[in-house]
4 protein chains.
Amino acid sequence: MIKVGIVGGTGYTGAELLRLLAVHPYADVVTITSRSEAGVPVSQLYPNLRGAVDLSFAQPDIAALASCDVVFFATPHGVAQSTVPEILATGTKVIDLSADFRIRDIPLWEQWYGQTHAAPELVSQAVYGLPEMNRTAIAAADLVACAGCYPTSVQLGFMPLLQAGCVDVTDLIANSASGVSGAGRQANVANLLSEASDSFKAYAASGHRHLPEIEQGLTDMAGKPVGLTFVPHLLPINRGIHTTLYGNLTDPSVDVQSLFEQCYADEPFVDVLPAGSHPETRTVRGSNYCRIAVHRPENSSKVIVLVVEDNLTKGASGQAIQCMNLMFSMPEDAGLSAPGIVP
Amino acid sequence: MIKVGIVGGTGYTGAELLRLLAVHPYADVVTITSRSEAGVPVSQLYPNLRGAVDLSFAQPDIAALASCDVVFFATPHGVAQSTVPEILATGTKVIDLSADFRIRDIPLWEQWYGQTHAAPELVSQAVYGLPEMNRTAIAAADLVACAGCYPTSVQLGFMPLLQAGCVDVTDLIANSASGVSGAGRQANVANLLSEASDSFKAYAASGHRHLPEIEQGLTDMAGKPVGLTFVPHLLPINRGIHTTLYGNLTDPSVDVQSLFEQCYADEPFVDVLPAGSHPETRTVRGSNYCRIAVHRPENSSKVIVLVVEDNLTKGASGQAIQCMNLMFSMPEDAGLSAPGIVP
Amino acid sequence: MIKVGIVGGTGYTGAELLRLLAVHPYADVVTITSRSEAGVPVSQLYPNLRGAVDLSFAQPDIAALASCDVVFFATPHGVAQSTVPEILATGTKVIDLSADFRIRDIPLWEQWYGQTHAAPELVSQAVYGLPEMNRTAIAAADLVACAGCYPTSVQLGFMPLLQAGCVDVTDLIANSASGVSGAGRQANVANLLSEASDSFKAYAASGHRHLPEIEQGLTDMAGKPVGLTFVPHLLPINRGIHTTLYGNLTDPSVDVQSLFEQCYADEPFVDVLPAGSHPETRTVRGSNYCRIAVHRPENSSKVIVLVVEDNLTKGASGQAIQCMNLMFSMPEDAGLSAPGIVP
Amino acid sequence: MIKVGIVGGTGYTGAELLRLLAVHPYADVVTITSRSEAGVPVSQLYPNLRGAVDLSFAQPDIAALASCDVVFFATPHGVAQSTVPEILATGTKVIDLSADFRIRDIPLWEQWYGQTHAAPELVSQAVYGLPEMNRTAIAAADLVACAGCYPTSVQLGFMPLLQAGCVDVTDLIANSASGVSGAGRQANVANLLSEASDSFKAYAASGHRHLPEIEQGLTDMAGKPVGLTFVPHLLPINRGIHTTLYGNLTDPSVDVQSLFEQCYADEPFVDVLPAGSHPETRTVRGSNYCRIAVHRPENSSKVIVLVVEDNLTKGASGQAIQCMNLMFSMPEDAGLSAPGIVP
């Protein structure tokens, strides 16, 4: 069993790490920190974890974290970058679920996140935590910057097309929709049930923080700069991201169904559905799977890719554990094989 | 007061006609038909109408319908076309909420709807019921074919751009999402709460029946054939359509905000939001308003249009009443001015 | 047209007053106050009211309020009591939607609300705003203390039984469930969609602030002290209260269906359903109706009463307008006759 | 590994058995039957099980079922009774999730279920599958009649009080609310999202089929006949039952919190919350836990018990697996220890 620490455990990604690690066969959570809730039993904040997690939230303590084999940061952006250097220096590995180490272009990060980066020297050594793209590098990494929730769905949906070079990279569109848990557990009028339920809206249509992260990933896949239009929407559901991708095939004769099936044939958590399918977010509820379907409208060179994932699992904590499994040479699906909960 | 008949009143658009007409100052519903529920009080099926609607469902009867000033057809496609000729012959006006008379190209209609059209001679005299496009013709019409729910949102969202000729008509994308009431009141496993709630999916991604209707309308607006990609999605909400449109501006210098504001300045039911806004479906819940916002992502020639409407109101029964008001020279907003219900 | 002022218009009951008064034939809202949002157009906070309400929130101003015929207080408890005396002194009538003037026993009020009452002298002259109980007194009142949301449902459900004296008053049970809008528009983690949706719970099972208000009303009806057990629950819906009442009939031979039908025969907003019915909250969504059904389980002296209302309408703003209509000799249902929105 | 068969696998309890057994360490599902879907891969109906369940639905076949160690019946009432005798005769154990063998009084069963019982001789040898009540008998049983969803919550909530003899057994009230999945996966207008969402109602207030089952269990616990009033309600959620119980303490000095804690101290799946708590259904979503809180309103002899469970897990398939674990001397929580999914 490896020893796991979690920094910032009161949010939904922290709670999801706890839920998943509670049944992980090779990992034990030994400390979980929260400045605001120090001393409070985890199960008081998350009664679903009663009987499964006996820890109380602790004040952040470098020594305690350094005694772990790996520390997850489930903190808002800007927090990990100030503490990670010290932890890495002790030899403990770090998996950051925030945006702190995802973007290699530091001025670009600073522009979108409105602050000076506190550990720019670490950015280049961080490995981007999307196993389907970076499996080998993740396995060897000390610092993993987990892919974001929207970025995971967009990148997995475009990857086969970009790697095959059969789509016009200058005009990619990602129309995404996320459950409200993506906004975190902050008190916020806009995310009250009375505000967000029985309704639907786009937001940040003119530009969203995940845009530069996605563009960086797609550019890596394509080997050249891409042009992406990204519009996120807010779904009146708890969990789940659905992304609808639009691209123009440069070679309309390509068999996109085969392309996707071959690309992901060996992936444990990417499931390409049969031709004609439409994935539903509920099929991945609480699970680490990403389900994808590809469509070709008649009389058109358009390709439409439909992608679903659970934003808290494959879009965050499940993916972080998948990275952990790789970093510690465990079976990649250890603790992650439970099916989605339907209905 | 004019006398109104409704054919096929057990579905949601029939019930919505009743709800709206119950407070209409100039119209009285005098008969409502349903073969399956004949004899049953309307308020038994729709207890929300107790005290507001005293009618019982009646067997369809041409004489009773002919005694009305106007008859609404709130029936599945294929029904209106077999009865409308007889009713029109008596001098009674008809407003059809189904798809029967929307598409001028009869073989195209027959291809998408899988049946022979029973009254093709009426199609050319039917006026397409989208007041923002056809106000004058509707006012003079005897037979109105009300615009569909998705088509209303897509056409109102693209109209200013197409009429101004500032968008590439060969590559239009409509990413739409509808509440479940759009699927009607039929028993159907896929629309059970346990199947559709807390989830989201696309459907008919390779082609949907509303595509030819929308293409016809956009072509009329553009004055030349358009290329449209249309992907509908199912929202886990009762009412509401949200459409996200993507186009490429041929003239990126155009002020799209002004364009939309001017186009809809005099429209009673199209509300262009201030720049930077994101309309929510709940703001039009139960109302006849359509709210629109326009966005321009940075460093891009893309234009993004966000459109919301209530699929049962502006997308169906409200629009039908708006047409009726025009046809009988009543104030266009008579009975339709109630704001959306929030929260 | 009478002139209406609203104090504290940013919450849901303020917004509901605006929505309902926007289509009221005899009342105009001329001022609406909010300290926190002064200067902001109402329609910016509530885009559903765009086109219907042109006012901006104003700083509270006694002169402006005094120029109104009636002022509604849609404020948290404790606010109205400090301003109402001054307004009443100018001859303007007041309808308070908060709990400030509902409880005649001032020490009891102070105990449950944890503060000293600022205008105890007004409490005895306030008329409790439940028209079905106090119609005549309301019509003559200068100050109305509107009944609370839960209390309205419990009192209307028990009233026929208590007035007929056929139920054991020492053992009354009210099991209520409310939509989340009952908690208001405050940022609060517990009411986030991610916390409250797809879930259900009781709260305040050991004692809730509405208990003394309900007991006072039931005692008035019974003519003797009652013993009430009241457990509220939180429903994952926007609007709606459903109350299930349990009582023991002292005379099991009574025809409870007739009793209820006769009691409410002339009430414009209380609808007794046919025997065997089960009212749904959605049938009163957005409307001022209260629907009631009565059941008698076999082999038992129990009577079960099922009551539904919209907590923001009959449970708050609709009832307040019903009181206003009575106070100004308007038709009691003026502006309140719209049916509930289904689906 | 034991070999498991499932009869009637297309419904929600069948799918839930598959989901849970997919990660069970000691059991393999080897056959699953469905007349209507024979030949269809399970994962086509339940895409969440793609990658976890490779079976296709098979025609019911006694030989195939007899080769299993245990067969679960996840069928509508009336089905198991005609096949179970044949299977038991082969030495294979049976766990029935339907109501067929729950009620010992056969005429009573026949009255509530409107049919003649086909295997009355088996009823007396069936063990009622509520482990907290019948653990030893279940371990020795060949035929287990799993407790129903509502009955589990009501019985677990009243058991400590009845066994201690401190509550008036002649006046017990159970006010329950269930998610829509309790109604199964049948096409049914009343359970459409557009009918059941954003709403709440009671049903069967005058008498529900679970009443005799609950009364039998409570009578066993009390050692004398009980009087129960039971009113079920329909929640607009997928999963979850919340039951609010009301009783009158015959000995108001009893410490009910301690009573409950002691009664369930050794139970793996019954979790008594700290005094003052209110359990939420979401905390048991997808898990086999039942969470209970007890309240005593002031100045009253009432005791209020709040119980939550997942109707498909502890209320059906999880409980069935818990019984299986007992019957095959496996750890009682094998395959059932995953925490509830929050949010």
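**Close-up views of a predicted model**

**View 1. The open sheet of chain C.** Six strands of chain C form an open sheet in the order β2-β1-β3-β4-β6-β5, with parallel pairing. Strands are DSSP runs (E, at least two residues), as are helices (H or I, at least four), numbered from the N terminus; two strands pair if DSSP finds at least two bridges between them. β2 (27–33) and β5 (127–129) of chain C lie at the edges with a single partner strand each, so one side of each has no neighbour in the sheet. From one strand to the next, the twist averages 25°. This is a predicted model, in which local features need pLDDT of at least 70 and side-chain atom pairs count only at pLDDT 80 or more, while totals for chains, interfaces and linings use all residues. Residues are numbered from 1 along each chain as its sequence is written, chains are lettered from A and ligands numbered from 1 in the order in which they are written, and side-chain values use heavy atoms, leaving out hydrogens and water.

**View 2. Strands β4 and β6 of chain C.** β4 (residues 93–96) and β6 (residues 143–146) of chain C run parallel and are joined by three bridges. C:Val94 stands opposite C:Leu143 of β6(C).

**View 3. Helix α7 of chain A.** Within α7 (residues 131–139) of chain A, A:Pro131, A:Glu132 and A:Ile138 are buried (under 20% relative accessible area, 1.4 Å probe, protein chains only). These residues cover an arc of only 60° around the axis, which places them on the same side of α7(A); the arc is that of the directions from the helix axis to the C-beta atoms.

How values were computed. Axes fitted to C-alpha atoms, helices over the stretch in contact; angles between N-to-C directions. Buried < 20%, exposed > 50% of the residue type's maximum accessible area, 1.4 Å probe, protein only.
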